[in-house]
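Dear colleague,

Please read them with the coordinates open beside you.

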Amino acid sequence: MSPDHPPGLDLDRLRVLLDRERPGLVTGPLSGRLIEGGRSNLTYAVSDGGARWVVRRPPLGHVLATAHDMRREHRVISALHPTAVPVPRPVLLCEDEEVLGAPFYVMEFVDGVPYRTSEQLAPLGPERTRAAVLNLVDTLVGLHAVDPVEVGLADFGRPEGFLDRQLRRWAKQLDASRDRDLAGIDELHATLGRELPRSPAPTVVHGDYRLDNVLIGGEDDEIRAILDWEMSTLGDPLTDLGLLVMYSSPLGLPDSPVSTTAQAPGHPAPAELIERYAARSGRDVSAVAWYTAFAWFKLAVILEGIHYRYTLGQTVGRGFDRIGDLVPVFIEHGLTTLQKG
């Protein structure tokens, strides 16, 4: 790690805070680095030469605190840590913006690998890959089995009308980045709205559950921690399943900027993941096609937003030039999923 201060992380001020709030925790000079691959929030690895921690904070220069709610992320991992759901141990939440310029929280550093591509999974081999993905399903079942009331999350979201609000939210996101014709996307959105399923009892929902948002490690390739809780809430658990099924559907696109783990040898087919979730959770998954199509729609909107910002010169980096070509593929998969049921 570089002893220099990464942007957005003042190690001197962080040390003062930790010494005051958690005396004895830090035993040496702090160093830190930005962990690549984080989503909208920034993630840093921090060390005192012996122990390691992780700091999560909003993007630099952000304005809307509600879009990057550190208290919310800290609250959900604090509530889940005593349960069997694998999450990092929370250390502290700081809402004083004088320290780092924005609210942030500190949690333990968990060793593990977030597998994002089929190439990264390949060294595990087919059997270990299969076991890891099935364990991903079992861990999701465990998350959805947590009673929100028992862990203090009864008011963590508004489950009533959850799916309708989700559809409206992502349609609004789409309208904010419309600058080209996208054949089929309005049809996809309208069909989803007409065929809205009846949600099961609400649970804690991760909101972005997939293989590269968990850390896998150890001899048994166990899931050591679920990460990136910024979209978590109380809502329909089958939205998590639909997203996982979507990411488990091979796209067959070379050098895709979107996760390609589904193409790894040994990766279970979507049908097996659905059957395993149904058997272990006891939930009715007969409407899973709707949830999967909704996931295709949601990702199409997200990718279109990235493409739109790229055309404006607001997003640079490897792979962004190919994002726009993916959007019609996601739309077509969504429509096909609804048609096949």
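How much space lies in the second largest cavity? About 60 Å³ lies there, where a cavity is a set of points, on a 1 Å grid over the protein atoms alone, at which a 1.4 Å probe fits but cannot get out, and where a volume is the space filled by probe spheres set on the points, which are joined across faces, edges and corners. This is a predicted model, in which local features need pLDDT of at least 70 and side-chain atom pairs count only at pLDDT 80 or more, whereas totals for chains, interfaces and linings use all residues. Residues are numbered from 1 along each chain as its sequence is written, and side-chain values use heavy atoms, with hydrogens and water left out.

The cavities

The second largest cavity is lined by Val133, Leu136, Arg210, Leu211, Leu244, Tyr247, Ser248, Ser259, Thr261 and His267, a lining residue being one with an atom within 4 Å of a point. Two or more of these residues come from each of α5 (125-144) and α8 (238-247), helices being DSSP runs of H or I with at least four residues and strands runs of E with at least two, numbered from the N terminus. By class this lining has 5 nonpolar, 4 polar and 1 charged residues, with Ala, Val, Leu, Ile, Met, Phe, Trp, Tyr, Cys and Pro counted as nonpolar, Asp, Glu, Lys and Arg as charged, and the others, Gly among them, as polar.

Among the residues that line the largest cavity are Met246, Tyr247, Ser249, Ser259 and Phe330, and its lining has 7 nonpolar, 4 polar and no charged residues.

The second largest pocket

At least two lining residues are supplied by each of α9 (270-281), α10 (288-311) and α11 (320-340), and the lining divides into 7 nonpolar, 6 polar and 1 charged.

The sheet

An open sheet is formed by 5 strands in the order β1-β2-β3-β5-β4, with antiparallel pairing, where two strands pair if DSSP finds at least two bridges between them. β1 (31-34) and β4 (90-94) are its edge strands, each pairing on one side only. Strand β2 (residues 42-47) is joined to β3 (residues 52-57) by 6 bridges, and valine 46 stands opposite tryptophan 53 in β3. In the hairpin of β2 and β3, which has 4 residues between the strands, glycine 49 takes a positive phi near 95°.

β3 also pairs with β5 over 4 bridges in the antiparallel sense, with tyrosine 105 in β5 as the bridge partner of arginine 56. Of the 6 residues of β3, 5 are buried, that is, under 20% relative accessible area with a 1.4 Å probe and protein chains only.

With kind regards

Notes:
On a 1 Å grid over the protein atoms alone, a cavity is a set of points where a 1.4 Å probe fits but cannot get out, and a pocket is an open set with protein on both sides within 12 Å along at least five of seven lines; lining residues have an atom within 4 Å of a point. Buried means under 20% relative accessible area, exposed over 50%, partly exposed in between (1.4 Å probe, protein chains only).
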